[in-house]
Amino acid sequence: MQKLALVFFIAFELCYYLLIAQTGIVEHFSSNIFVIAPLPIGGVIGSILSYYIKTSNKNKIFSFLLTQLAVSFFYPNLNALLLFILGISVGALAPLLINELKKASSLQLGLALGISYTVGTFMFTYDASKRGSIAIVFTIITIIASLFLNQKEHKDLTNNNYSYSLFVMVLWVFLDSTLFETLSRDLTVSIWRDGFTFEIIIFHLIGVTSAFFIKIEKNQKELLILILFALSYLFYFLQEALILSIIYPFVISFYNVVILQTIVKKHFKTLTIYMVFIGWLASGAGLFVALENLTFYVPVIFLLCLIKILITQQSQKKELPWLN
């Protein structure tokens, strides 16, 4: 029961973040950055606040979920104060959720991500202004699941021996957020609205599975993820929706598993800082680029990062001549 509870806790809170905090509110308020600003501001404060509140993590989770539920009853008619409060609750729950992954096996993580990607993809085209019932139901499911979470920690999710830098993870999230926010506003090549739901779900699941079984060196994995993002942008620019619906969901799932395998090893205080950069600043920067129609300048970032990776690989070969 506890293992299943952890899967549902992770899956439906991730769904809430995707369908309500990330896309629902932004769409409902017509992407007006000034109107939705209290949400990310609250998110940053909540992420940091989750560490400094002195009570058990289970009490924190329950309290912030109740706050999330209370605000959800008013969705989508949220004023600045309610957006700020929702930001605090979602922001605080992010590092708490990652911390709970320290109790998860790879199978549990895979199932949770599989459920969240499947449910999120199916419901993505649902009118953002009519997601109030979704917000309430998902939060209730998460609250019920949280009551059965195991308090004993064990780390099964450490079969990935590599730790990726904060810069690299922020870069991945920025590239993902920029393309995601651009696609969701582009009426000519919106893969979610163009009938590619089945392909998206299948390749999300393949991406999750591949992340656990593909065993390559750290720099090679960084390069692979960067190449897959480059291809995603390329096929977006070429307006090849079918190919994009295959490659982009794969790389989303793949890099998210890699990030989770890295940050789950961090101390809770470090997690809160990481979530500020990964969960709010990187995604916020991506939203800004998409709204300002700057997506066509993103390939410059690919070129600079590719040069950096190649230089790093050459430096390692010089330090270890037996690799040549």
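Contact here means heavy atoms within 4.5 Å. By that criterion, and leaving aside residues up to four places away in sequence, S146 touches F9, K58, I61 and L65. The structure is a predicted model. S146 belongs to helix α8, and its relative accessibility of 3% falls under the 20% limit, so S146 counts as buried.

I143 is also part of helix α8, which comprises residues 132–146. With a relative accessible area of 10%, I143 is buried. Its contacts, again not counting residues up to four places away in sequence, are F62, L65, L66 and L69. I143 and S63 are separated by 80 residues in sequence, yet their C-alpha atoms lie 9.5 Å apart in space.

## A nonpolar surface patch

Seven residues are listed in a nonpolar patch on the surface: M1, F62, L66, I140, I144, L147 and F148. Together they present about 640 Å² of accessible area. Helix α5 (57–72) and helix α8 each contribute at least two residues to the patch.

T182 lies in helix α9, which covers residues 166–183. At 10% relative accessibility, T182 is classed as buried. The side chain of T182 reaches the backbone oxygen of T178 at 2.6 Å. Residues three or four places apart in an α-helix point the same way, because the helix has 3.6 residues a turn. Beyond residues up to four places away in sequence, T182 touches Y236, A290 and T295.

A search of the whole structure identifies two salt bridges. In one of them, the side chains of R185 and E181 meet with an N to O distance of 2.7 Å. R185 is partly exposed at 29% relative accessibility, whereas E181 is buried with a relative accessible area of 5%. A salt bridge also links E100 and K103, whose closest N and O atoms are 2.7 Å apart. Both E100 and K103 are buried.

Helix α4 spans residues 38–52. The buried residues of α4 are P38, L39, G42, G43, G46, S47 and S50. The elements that cover these buried residues include α1 (2–22), α2 (24–28), α3 (33–36), α5, α6 (80–100) and α13 (268–291).

Helix α12 (residues 241–263) contains 23 residues. From its first C-alpha to its last, α12 reaches 32 Å, close to the 33 Å expected at 1.5 Å a residue. Helix α12 is mostly covered, as 19 of its 23 residues are buried.

## Backbone exceptions in loops

Most residues other than glycine have a negative phi, and most peptide bonds are trans. S30 has a positive phi of about 55 degrees although it is not a glycine. The residue is found in the loop between α2 and α3, and its relative accessible area of 60% is over the 50% limit, so S30 is exposed.

N293 likewise has a positive phi of about 55 degrees without being a glycine. N293 lies in the loop between α13 and α14 (299–319) and is exposed, with a relative accessible area of 63%. Another exception concerns the peptide bond that joins Y75 and P76, which is cis with an omega of about 5 degrees. P76 is placed in the loop between α5 and α6.

Definitions and conventions
Residues numbered from 1 in each chain as written. Predicted model: local features only at pLDDT ≥ 70, side-chain atom pairs only at ≥ 80, totals over all residues. Heavy atoms only, no water. Helix = DSSP H or I, 4+ residues; strand = E, 2+ residues; numbered from the N terminus. Buried < 20%, exposed > 50% of the residue type's maximum accessible area, 1.4 Å probe, protein only. Polar contact = N/O pair within 3.5 Å; in protein donor to acceptor, adjacent residues only side chain to side chain. Patch = residues over 30% accessible without salt bridge, like charges linked within 9 Å, V, L, I, M, F, W, Y side chains within 5 Å. Areas by Shrake-Rupley, 256 points an atom, 1.4 Å probe, with all protein chains shown as cover. Salt bridge = Lys/Arg side-chain N within 4 Å of Asp/Glu carboxyl O. Expected span 1.5 Å × (residues − 1).
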